[in-house]
Amino acid sequence: MNENPMATNHSFTGSDDTADEAVRSTCDDATICKRFAVSKKYWKDPYIQYFTKQPNESKAPEINRGYYARVMAVNLLLDAFIKKTNCNCQVINLGAGLDTMFWRLKDQNMLPIKYFEVDFPAIVMRKIHLIKTKSPLSISIIETHSSSGLLIDGCSMDSDRYAIIGQDLRDHPTLLERLKRFGLDTKLPTLLLTECVLVYMTPEQSAGLIKWPSSVFSTSMFINYEQVNMTDRFGQVMIENLQRRQCSLAGVDVCQTLETQKERFLLNGWDNANVLDMMTVYNSLPQADVHGIEQLEFLDEKELLQQLLQHYCICWATKDSEDYGIADIMFGASDFH
Ligand SMILES: C[S@@+](CC[C@H](N)C(=O)[O-])C[C@H]1O[C@@H](n2cnc3c(N)ncnc32)[C@H](O)[C@@H]1O
């Protein structure tokens, strides 16, 4: 979600560095909202507690349901790709923040050959510090690492199955070079994920980030979750709330419609692209589960949930030169079960 569409003001001044700092702060918003929803039992995540404290303020039911749809949608698409490739693949989570996906995949015996994360060095430093100091986090990395020493410096970590790299995503040539240095194999099927990330860079910068994987990998999928339908009144309020925190949505022009979201993949080397707004996704998730989470909290204003979910979308683009069948991945398809 816009990490908190109802967010209150933070006071920042306006330099580039301050703008990047405001973008980095969205990482905490996402983690806090996810932790709150987990504490309400929307889904299970035994690791998120190590990345942020339980928030003092509660989050509205529509925010929790929105995060539920976001996390389920990303997991379903990502798991379908991993299953199609029998785990013989790589995952690159771009702008991963304090995401706990690595631990979930390990616990579910679904780890790809290597799982990479990239974020600004300041975020990566915090994440590595938390991993080093919380044994429930570090143990999973040690268990999946064969040699004696892990490579850890201030803003990167490398192990056999998990690498975390501190790097500005807008510098694509350096990003690819560093991923290769951390063991990226350009011959393996590779999934890239951006969850609420592209909207913080200009359309030119995000186009560059989308384009290189389509030329580097012969089998690849790109999942992007972010805002859509931003030209209406509700969208404008979301933009204004972030601007008040000096956090500008530099990429908002691509978030106009489902078509603009899909088009940018087709214009940047991808063979196939699908996009759904999150209301449609919510209605396509396994309905017994949806019914279950709807019992957790009373939602007075169903229209607000609908409006919120219509302003986010998930887009997934594929390139499948080796016929793994990844272009067939759809919500509700049998791969999801
Ligand atoms: C809204 S948070 C989402 C975090 C995570 N993907 C999630 O959904 O929980 C956006 C993340 O993207 C990162 N990010 C945005 N622009 C970036 C850039 N140019 N380089 C590196 N990281 C970036 C931020 O630091 C932040 O961690």
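This is a predicted model: local features need pLDDT of at least 70, side-chain atom pairs count only at pLDDT 80 or more; totals for chains, interfaces and linings use all residues.
| Pair | N to O distance | Location of partners | Separation |
|---|---|---|---|
| Asp-28 and Arg-126 | 2.7 Å | helix α1 (residues 16–39) and helix α4 (residues 121–133) | 98 residues |
| Asp-29 and Arg-245 | 2.9 Å | helix α1 and the loop between α8 (233–243) and α9 (258–266) | 216 residues |
| Arg-104 and Asp-79 | 2.8 Å | helix α3 (residues 101–107) and helix α2 (residues 61–84) | 25 residues |

In the remaining pair, Arg-104 is buried with a relative accessible area of 17%, and Asp-79 counts as buried at 11%. Elsewhere, salt bridges with shared partners tie Lys-34, Arg-70, Asp-99 and Glu-195 into one network.

Now for some helix packing. Helix α6 (residues 172–181) and helix α7 (residues 203–216) have axes that come within 10 Å and cross at roughly 40°, so α6 is oblique to α7. Their crossing is right-handed. On the α6 side, the contact is made by His-172, Leu-175, Leu-176 and Leu-179, while α7 supplies Gln-205, Gly-208, Leu-209, Trp-212 and Val-216. Which kinds of residue make up this contact of α6 with α7? Six are nonpolar and three polar, with no charged residues.

Terms used:
Residues are numbered from 1 along each chain as its sequence is written. Side-chain values use heavy atoms; hydrogens and water are left out. Axes are lines fitted to C-alpha atoms, for helices over the stretch in contact, and angles run from 0 to 180 degrees between N-to-C directions. Helices (H or I, at least four residues) and strands (E, at least two) are DSSP runs, numbered from the N terminus. Angles under 35 degrees count as roughly parallel, over 145 as roughly antiparallel, 65 to 115 as roughly perpendicular and the rest as oblique. A crossing is left-handed if the near helix is turned anticlockwise from the far one by less than a right angle, and right-handed if clockwise. Contact means heavy atoms within 4.5 Å. Ala, Val, Leu, Ile, Met, Phe, Trp, Tyr, Cys and Pro count as nonpolar, Asp, Glu, Lys and Arg as charged, and the others, Gly among them, as polar. A salt bridge is a side-chain nitrogen of Lys or Arg within 4 Å of a carboxyl oxygen of Asp or Glu. Buried means under 20% relative accessible area, exposed over 50%, partly exposed in between (1.4 Å probe, protein chains only).
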